[in-house]
Amino acid sequence: VDGKAAGIIGLSHEAMSHPYPGATKWMDHMIMRFAFGAPHRSLRLTRLATMLALCKSTADLIQTPANSLYLAASQGLLTIEYTRHPEAKGLRGLMKLVHREDHVDGHRLVYRAPWRHQTPAEVLAEFLTKEAKWQASRKK
């Protein structure tokens with residue numbers, strides 16, 4: 001946004017390379033381990049980092065040649081959230097809740113989304129447009 005680092009994204013192909021019993025339905029998705037943004041006074045940069053993580057072009061940038069086969073075979077991303085609440089608001093509109101189960105500390109939520117085929121510039125433009133609308137709605 002301002003020419004500086006906006007956040008950090010961590011992806012993994014473990015669901016594809018080492019699926020655990022019962023998780024075979026996730027074998028065609030890579031795992032988004034984390035996506036978080038730098039602190040900012042008005043912009044939700046963690047949301048921007050998540051939007052960028054959902055782009056296959058972003059994954060192309062960070063994959064090693066050894067992992068590129070998994071990326072080519074993947075259909076999208078999934079992430080798992082542990083929360084006291086039955087839904088994670090930060091992923092609303094970006095990923096779809098596909099599984100919820102009770103956990104000792106509350107809920108274990110699995111979110112999934114297909115790869116987006118946008119450039120980082122297109123993602124940034126979409127993000128800024130949506131942020132302007134979101135901020136305007138909060139002022140009402």
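Me: Before I look at any details, what is the mean pLDDT of the chain?

Reply: Good place to start! This is a predicted model, and the mean pLDDT of its chain is 86, with 92% of the residues at 70 or more. Confidence is lowest in helix H1 (residues 14-17), where the mean is 79, and highest in helix H2 (residues 45-53), where the mean is 92.

Me: Let's look at H2, then. Is H2 largely enclosed by the rest of the structure, or largely open?

Reply: To answer that, count how many residues of the helix are buried. Residues count as buried under 20% relative accessible area. In H2, seven of the nine residues are buried, so the helix is largely enclosed by the rest of the structure. The seven are Leu45, Arg47, Leu48, Ala49, Thr50, Met51 and Ala53.

Me: How do I describe the way two helices pack?

Reply: Two packed helices are described by the angle between their axes and the distance between those axes. For H2 and helix H5 (residues 120-139), the angle is about 145° and the axes are 10 Å apart. Their crossing is right-handed.

Me: Which residues of H2 meet H5?

Reply: From H2 come Leu45, Arg47, Leu48, Met51 and Leu52. On the H5 side they meet Pro120, Val123, Leu124, Glu126, Phe127 and Glu131.

Me: And how do I read a pair of aromatic rings?

Reply: Such a pair is described by the distance of the centres and the angle of the planes. A search of the whole structure finds one aromatic pair. It joins Phe34 and Phe36: their ring centres are 5.9 Å apart and their planes stand at 40°, so the pair is tilted.

Me: Are Phe34 and Phe36 buried, exposed or partly exposed?

Reply: Phe34 has 37% relative accessibility, so it counts as partly exposed. Phe36, at 41%, also counts as partly exposed.

Me: One more ring, please! What lies over the face of Trp134?

Reply: That is Arg44, at 3.7 Å from the ring centre of Trp134.

Key. Residues numbered from 1 in each chain as written. Predicted model: local features only at pLDDT ≥ 70, side-chain atom pairs only at ≥ 80, totals over all residues. Heavy atoms only, no water. Phe/Tyr/Trp six-rings, centres within 6.5 Å; stacked < 30°, edge-to-face > 60°. Buried < 20%, exposed > 50% of the residue type's maximum accessible area, 1.4 Å probe, protein only. Lys NZ or Arg CZ within 6 Å of the ring centre and 35° of its normal. pLDDT = per-residue confidence, 0-100. Helix = DSSP H or I, 4+ residues; strand = E, 2+ residues; numbered from the N terminus. Axes fitted to C-alpha atoms, helices over the stretch in contact; angles between N-to-C directions. Left-handed = near helix turned anticlockwise from the far one by under 90°. Contact = heavy atoms within 4.5 Å.
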